[in-house]
Amino acid sequence: MAHSARRDSPELPDFSLLKRLARDQLIYLLEQLPGKKDLFIEADLMSPLDRIANVSTLKQHEVDKLYKVEYKPVISTSDQLCFLIRPRIQTVKWICDVVNADKAAGKFRRYKLIFTPQKFYACEAVLEEQGIFGDVTTDEWAFYLLPLDDDIISLELPEFFRDNFLAGDQRWVRTAGSTLHLLHSIYGPFSKIYGIGRCSKMAYESWREQVEEGETKARQAEIGNVFLIDRDVDFVTPLCSQVVYEGLVDDIFRIKCGCVEFGPDVTSSDKSMKVMLNSQDKVFNEIRNEHFSNVFGFLSQKARNLQTAYDKRRGMDIKQMKTFVSEELKGLKQEHRLLSLHIGASESIMKKKTKQDFQELLKTEHSLLEGFEIRECISFIEEHINRQVSMIESLRLLCLLSITENGLLPKDYRSLKAQYLQSYGVDHLLTFANLRQLGLLVEQQPGETLTVMESKVGKLVNDKTAGKLTDAFSSLAKKSNFRALSKKLNLVPKSDEEYDLRVPRDMAYIFSGAYIPLSCKLIEQVLERDGWTGLEEVTRLLNGHEFAVTGSTKSDTNDAQRIVLVMFLGGCTFSEISALRFLGRERGYKFIVVTTAITNSSRLIEALLDNHV
Amino acid sequence: MLTSLLLLKPDEEDYWNSSKFKAFTFDDEDDEFSRLKESKQAVNSIRRLVEEDDDEDDVEKVSWSGEPVGSISWSVRETAASNQRTDREPAFPKINADTPTVSRSHSGYSLSSLFKGETGDQFSDSLSDSSVRLYAPELRKPKSEYKDYVSDWSPEETVHRMQQGKAVSLEKFRSLQDKLLLLDFSISAHDGNVITAVTLFTITFTVLFRELESRQTALRHFIHYLTETRDQRLLLELLRALGRTEDIALLQYKEHLSIADENKRRDFLKSCLSLPFSPEDSAHVQDHYTLLERQIIIEATDRQAERGGKVEIFQKFPRRASILNMPLITTLYYCCFYHYTESEGTYSSPLNVRQTFRISEKQFFVTALAARAKLKAWVDVDALFTSRNWLGFTRKKSPLGFHRVVDILQKNSAPTQVLQEYVGLVDDAELRISLAQKHKCHDIIINTYRDLKDRQQLLGYRGKVERGSVEERKINELLDNPQIRWKN
């Protein structure tokens, strides 16, 4: 089951360096405010911070008490307050309130705001507007990259997705460029960069400019190739239910910053347990990329092996026993613990999935991907809505229906929307407006069946009249052209063929053999062709913005050329990572995934909900 | 709102020029972060300098003067782009990341005419220029030169410096033309942070809204900024100027979410009815208002009934939460639960709700079924399937697949004899058997195998039922029945 790696598969660079860099930089910043201070940490920075430093690190640098930013009046008695925050206006406003409250109370303190990964002018504008500009000092903590595993690095910026794709705010472009720059200066120089998407292009440009501004030492490249991809190039993949173990665990338990909390139903005790999920967990490492149907078999085999190992004790003499205890027992116990956890998790997954008719749900998704029995799919979704099953799930299915079908028929759109609002609240009018703006859930325009023809014409128009047309609000929403792309790239294998999930033959295994993720297929094709040549039709269907550039480095060692850094702008799923790992094994590459955040269908949809204040 | 993003005021500039102590151009409290950045960049090359200067340690001079030992300085060294230029990076080609609107020719004021024939050059000039400009050398420059840095930047240099977080002066961009020029350069740099900053600086009058119309990128940044700062008034004004009526309607409608008091919220929703929604959304908002209006009435009546302690259903099944602000279907469920038999005349009657809100037959059916099953009112459940049949036939009909019916019933823990009845109505034999097996409806399985004339399956099933049970006897009878022509 565990796939043997190709013998000549290159080693991955050591990313722990990034953690050290971030930690040391934070310490440096803390020391800029000498003396005892209380530290307020933005809630969603806690976990990332935990991965690189611990409380004692902070205490060593005179951090007295730690608080979470909760938008409440502060109770701290310290005369120095330090705020470790994301550059968000709401947070800055809260700090302004804190400072102004102190002022009103005649309390004198020193305040330091540390923005990470960078600060924005807009935040300063708020400081100025609230009259506390000179009362606080500000700094930037360039904590761009958090390695979650040997081959996964996250920017931990989930808001990138909504800001960039929904609001059309390019505030993170520079961040993305700086991220690349950091990787480039430590693990580069890169020799080839491919990409697709508007944001990818801008991030590339920002990076290139930073390279030209700065200086880098000549060094042996560890990463040769880079692929940048915008999330809106492929919305289909992250909207599908995940069935590979790691993805499934994320869908059900939500992996946060590489860590998952298993409840009592998994741990079979009365308490929850937080578990790190990465390649250090030997059991997990072997099942993370497997289709769920293989996981049980694997785990029970493992359990049997473990039993045998334990059984060896029988008939041992004292000396042997001593060796056993000192050498093997600890490892066995550890394995035992991990094994029982993952068995528990698998059982819990099974229970949850059978309860909600998972099989039928998957069948519907597969039909949508295939463009088959759409009426049945619609009535399945409708019943889902009628029964108020899950607000997110219903929306996810609606979006999947819309992108795969290039929009809903007007009468379907109206009726499904009306029923959705009845079931989950009229407030979701705002959610629907967002989804329409993003192009995730739209009505087919009359005559839109002539997709190909029309987009050809559209292209001509766009090229010539550049201007408002493309950049207008509406054009942020692109046509998906999924059906045509699927045909062109063979994304949906013929359904009459048997697909052995134990011996995957292509990346489709991550979706039970029903669909090859578009994002990963593009990466495969471009690497294979060393560019976009021959993919003109595909890029046209994807609304363009593709690029492939070569640096002027002499061709570096072979190893670096087979290390490919894939950067997802707007998030990527664990399933996609599994698919890329598979592709790497097949083709002798090693992929490093850099993502603005790990996403999945729920996170994607939740980012677009607007039924709350 | 008119935030001056300007970092240096003219009088401060004078101060800079006269300053004898500060080696940094931007060593102002408002610019500590750029100092940090630069100090990091510079730290390597001038470390020796710092060490030499140690005895006349001037804290003001460089913020990093007390450079921490060990790993920290190592980190700072690593992060900063080193100034030891040993080998020039390979230059990567510039690709056109420009989106069409961003192109200069589309700004209201044709920039291309201003830069005819030299725009491209200027870009590359500034790039190569900045690429050789290192920070450390600046430190060593005579202080008198600094003035040039603050005031003499071209728009693209200004934008470029802003991207790097360095101090700039926006004061000189005073004419509309200059402002728009600056804005267009920021747009073509793609850095949202800078676009927002320049937009805020530029858009000082409502009259400038129209300039944004031709600069959709800047417009989006401005809108996002206003959304984030919750400057509703200005945002509405902007949208009005742009004629984006639907956005206005939605934005105003959204405000209801922050109104906690139900009566105020209802009144607010009523005021939303006149907003310029699309006809379709307009109907939804109308429904929203009507629904809340009724929920308020139902809630008041039911709360009283519950407190009075006279109404049995509220005693038996105390309400867990208020019905206010719940979705329509939840409300319907509630009405089916507590007010099932009410005549159409009351607001809380399920039939009234159904009619008022044009609820589809299937939707009504599903909800009523779930509610009555929850109460274990099996008679009502039964009636749901038959009452519609006016000819008096007993055959059960359902707008919902019977396997779904079974699912709903089972989730409401219906007893086997109830489930059995509906499992038996599932059309598809295979689905019927699998459901029957799941819910242990032996009779159905046995009958289905009998109808399929599947002797083998029946024999197999005999092994699964309890010995000496009624089921076993029934199977035996069937197997012994000479009239059945088994297919196997």
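Modeller: Phe385(B) counts as buried because its relative accessibility is 1%; buried means under 20% relative accessible area, exposed over 50% and partly exposed in between, with a 1.4 Å probe and protein chains only. This is a predicted model, in which local features need pLDDT of at least 70, side-chain atom pairs count only at pLDDT 80 or more, and totals for chains, interfaces and linings use all residues. Residues are numbered from 1 along each chain as its sequence is written, chains are lettered from A and ligands numbered from 1 in the order in which they are written, and side-chain values use heavy atoms, with hydrogens and water left out.

Colleague: How many aromatic pairs are found over all chains?

Modeller: Rings of Phe, Tyr and Trp (its six-membered ring) pair if their centres lie within 6.5 Å; planes under 30 degrees apart count as stacked, over 60 as edge-to-face and the rest as tilted. The search of the whole structure gives 35 such pairs. One of them joins Phe314(B) and Tyr338(B), stacked at 4.8 Å centre to centre with 20° between the planes.

Colleague: Are Phe314(B) and Tyr338(B) buried or exposed?

Modeller: Both Phe314(B) and Tyr338(B) are buried. Phe365(B) and Phe385(B) make an edge-to-face pair, with 5.2 Å between centres and 85° between planes. Phe365(B) is also buried, at a relative accessible area of 2%.

Colleague: Which residues form one aromatic cluster?

Modeller: The cluster consists of Phe314(B), Phe317(B), Tyr333(B), Tyr334(B), Phe337(B) and Tyr338(B).
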